[in-house]
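Q: I'd like to go through this model with you, a few spots at a time. Could you keep the answers plain and careful?

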Amino acid sequence: MRGAEASATTLDKARGENFPVAPVFLPRAWREGLRAVYGYARLVDDIGDGDLAPGGRDAVLLGLDPAAADDRLAMLDAFEADLHRVFGGTDGPPRHPLMLALQPVVRGHALSAEPFLGLIEANRQDQRIARYATYGDLLGYCELSANPVGRLVLELTGTSTPERIRRSDAVCTALQIAEHLQDVAEDLGRDRIYLPGEDMLRFRVSETDLAAPSAGASVRSLIAFETERARDLLNEGTPLVGSVHGRLRLLLAGFVGGGRAALRAVTAAGFDVLPGPPKPTRSGLLREVAAVLRTAPRKG
């Protein structure tokens, strides 16, 4: 697989997300920037999850032996080294095509390195930590794994302020939790649980319960509780939509609406997420986005 084909395979995964990645109504510069940021985030997650295309091509592109593709920590180290090349490292240009595409976006929009590094660190954490004892611990993980994406969107569009960052963090954490709720069974297959241990204890849910083909009453109650938490976070972040104008307002409504639609799908499944991820319909997504646009308070 050539480098361009590897990049296309990664970017194709955008269709499976709960939110629009780079919709066509955006200005071309924003659209290209968002695709570059998504490509970065998707690739680092694929490295951390062991979901790279077979054959070791991504390892070769990062300067490693093909066999190193199975060494997630080595791949993350090589990926971080390529990120430093994006930001002007002294050992040449970026090696991976997705990183090469990211470089003009970083320079053109003066993006900061910290959010990109946070996403790498989140995937390193996934190699070390497979359970989260408290909700606070999970929020700390989301600070690395989810919130950087929203911060990059704000930087990319030149709209970053402390208040918007706070609202964006709430939305991004909610989106991450919604994805975790949809993917409980898949995550357990990777020996990961993103449901706080303190909540599992409160609702008397064991890991064996999560491995069942369908959810019992205790698991459903736990998922309902976490769903409401995520919905509260989305509500906290929704004023972000009203704080901007034009096409950016529509994009951010897509993020919030996507999260609401995902949580509605979980609710519609009776909070039984174990047979497979409950997914929103396109019409359901559009309804939620329209509702966000109608109700998000406008500022300025």
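Q: How many disulfides does the count come to?
A: This is a predicted model, and in it the count comes to zero disulfides. Cys142 is in no disulfide, and the nearest cysteine sulfur, which belongs to Cys172, is 9.8 Å away.

Q: Is Cys142 buried or exposed?
A: Cys142 is buried, with a relative accessible area of 0%. Cys172 counts as buried too, at 11% relative accessibility, since the cut-off for buried is under 20%.

Q: Cys172 again: which residues of helix 8 and helix 9 make the contact?
A: The axes of helix 8, residues 147–156, and helix 9, residues 162–182, come within 8 Å and cross at roughly 135°, which makes helix 8 oblique to helix 9. On the helix 8 side the contact is made by Asn147, Gly150, Arg151 and Leu154, while helix 9 contributes Arg164, Ile165, Ser168, Asp169, Cys172 and Thr173.

Q: Is that crossing of helix 8 and helix 9 left-handed or right-handed?
A: The crossing of helix 8 and helix 9 is right-handed.

Q: Switching to helix 15, what should its residues span, and how far apart are its end C-alpha atoms?
A: Helix 15 covers residues 246–268, and at 1.5 Å a residue its 23 residues should span 33 Å; the end C-alpha atoms are 32 Å apart, so the two values agree.

Q: Is helix 15 mostly covered or mostly open, and what follows it?
A: Helix 15 is mostly covered, with 17 of its 23 residues buried. After helix 15 comes Gly270, which has a positive phi, near 70°.

Q: How far apart are Ala81 and Asp183?
A: In sequence, Ala81 and Asp183 are 102 residues apart, and in space they are 31 Å apart, taken from C-alpha to C-alpha.

Methods: Residues are numbered from 1 along each chain as its sequence is written. This is a predicted model: local features need pLDDT of at least 70, side-chain atom pairs count only at pLDDT 80 or more; totals for chains, interfaces and linings use all residues. Side-chain values use heavy atoms; hydrogens and water are left out. A disulfide is a pair of cysteine sulfur atoms within 2.5 Å. Buried means under 20% relative accessible area, exposed over 50%, partly exposed in between (1.4 Å probe, protein chains only). Helices (H or I, at least four residues) and strands (E, at least two) are DSSP runs, numbered from the N terminus. The expected span of a helix is 1.5 Å times one less than its number of residues. Axes are lines fitted to C-alpha atoms, for helices over the stretch in contact, and angles run from 0 to 180 degrees between N-to-C directions. Angles under 35 degrees count as roughly parallel, over 145 as roughly antiparallel, 65 to 115 as roughly perpendicular and the rest as oblique. A crossing is left-handed if the near helix is turned anticlockwise from the far one by less than a right angle, and right-handed if clockwise. Contact means heavy atoms within 4.5 Å.
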